[in-house]
Amino acid sequence: MNVSFKTGFLLMGFSDERNLQILHAVLFLITYLLAIMGNLLIITIITLDQRLHSPMYYFLKHLSFLDLCFISVTVPQSIANSLMDNGFISLGQCMLQVFFFIALASSEVAILTVMSYDRYVAICRPLQYETIMDPHACKCAVIAVWMAGGLSGLLHTGVNFSIPLCGKRIIHQFFCDVPQMLKLACSYEFINEIAVAAFTTSTAFVCLVAIVFSYTQIFSTVMRIPSADSRTKVFSTCLPHLFVVMFFLSAAGFEFLRPPSDSLSAMDLIFSIFYTVIPPTLNPLIYSLRNEAMKAALKKVLSKEEFSRRMVYVKAIFNL
């Protein structure tokens, strides 16, 4: 493949063998479609069902939208590269990919922290819940989540692409991964990126501490509840969220905090999939299977009566 790298990079992806490239494209396409359908279903259910218009589901809807955007940053480009047998990505595309990837990942950590605080207030301070988590506070929290993510994305993108590069512009990953890109930097030229990464990591650690504190208080309160049914109900809403947090942060932490190496192993690719592809795909399944309110709302939306009612409403709109 004769490609000039002066205006872009070469993404090595998973394999040079054509059959494996096709297999990767098919598997990623199936996963991508499942993630899109699952997250759109969550957004639709929460929007249509009035019983789910509460802070917890308001934040869950935004998490689903984040997941939908997050997986769309890397996977479609990777599918196209595999199908066309061309791993080239332009400088502009790579910059956009880094910005949106960092911004959405940071926003996801932030909203998971907000969701854990919401559960803490609901369970540990129920009498003050409506006062603390009022609609204005929820909107401000979501705005802060998006602003924090955008700022993080701008910092990483600005600093990362101002670093002089030495050697071939080959990235051993299926997307423009910042740790892999730093390997292309000239010696001692990426101190600013290290400083930004340290700031981002510290912020993520603060979020993790806040989440752990919230759930420590939650579990302490739950264990004092005498009713087994009430404890089960609380756990059904809290455990899925805790699993999502631990899965996402542990996989991302392994990738960004491990010592850099000159070669990319299969384990590196697997862990990159764990924090880029798996969470947006599994989150809708995790939240719907363990949440009775979500399952009831899903059955209602998919019922023949509800479908017929919606069709009558749509026909009435078109007849206006």
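A: The lining of the second largest pocket draws at least two residues from each of β1 (8–11), α1 (18–48) and α2 (55–84), where helices (H or I, at least four residues) and strands (E, at least two) are DSSP runs numbered from the N terminus. The model is predicted, so local features need pLDDT of at least 70 and side-chain atom pairs count only at pLDDT 80 or more, while totals for chains, interfaces and linings use all residues. Residues are numbered from 1 along each chain as its sequence is written, and side-chain values use heavy atoms, with hydrogens and water left out.

The pocket has a volume of about 300 Å³, and of the 20 residues that line it, Leu-11, Met-12, Ser-15, Gln-21 and Gly-87 are the closest to its centre. A pocket here is an open set of points on a 1 Å grid over the protein atoms alone, where a 1.4 Å probe fits, with protein on both sides within 12 Å along at least five of seven lines; lining residues have an atom within 4 Å of a point. Grid points are joined across faces, edges and corners, and the volume is the space filled by probe spheres set on the points. Helix α1 gives the most to this lining, with 4 residues. By class, the lining has 7 nonpolar, 10 polar and 3 charged residues, with Ala, Val, Leu, Ile, Met, Phe, Trp, Tyr, Cys and Pro counted as nonpolar, Asp, Glu, Lys and Arg as charged, and the others, Gly among them, as polar.

Strand β1 leads on to an open sheet of 3 strands, which has the order β2-β1-β3 with mixed pairing. Because β2 (88–90) and β3 (170–171) stand at the edges, each with a single partner strand, one side of each is left without a neighbour in the sheet. β1 and β3 pair in the parallel sense over 2 bridges, two strands being paired if DSSP finds at least two bridges between them. Leu-11, one of the residues closest to the pocket centre, stands opposite Ile-171 in β3.

A further part to look at is Ser-116, which lies in helix α3 and is buried, with a relative accessible area of 0%; buried means under 20%, exposed over 50% and partly exposed in between (1.4 Å probe, protein chains only). Not counting residues up to four places away in sequence, Ser-116 touches Ile-211, Ser-214, Tyr-215, Ile-218 and His-241, contact meaning heavy atoms within 4.5 Å.
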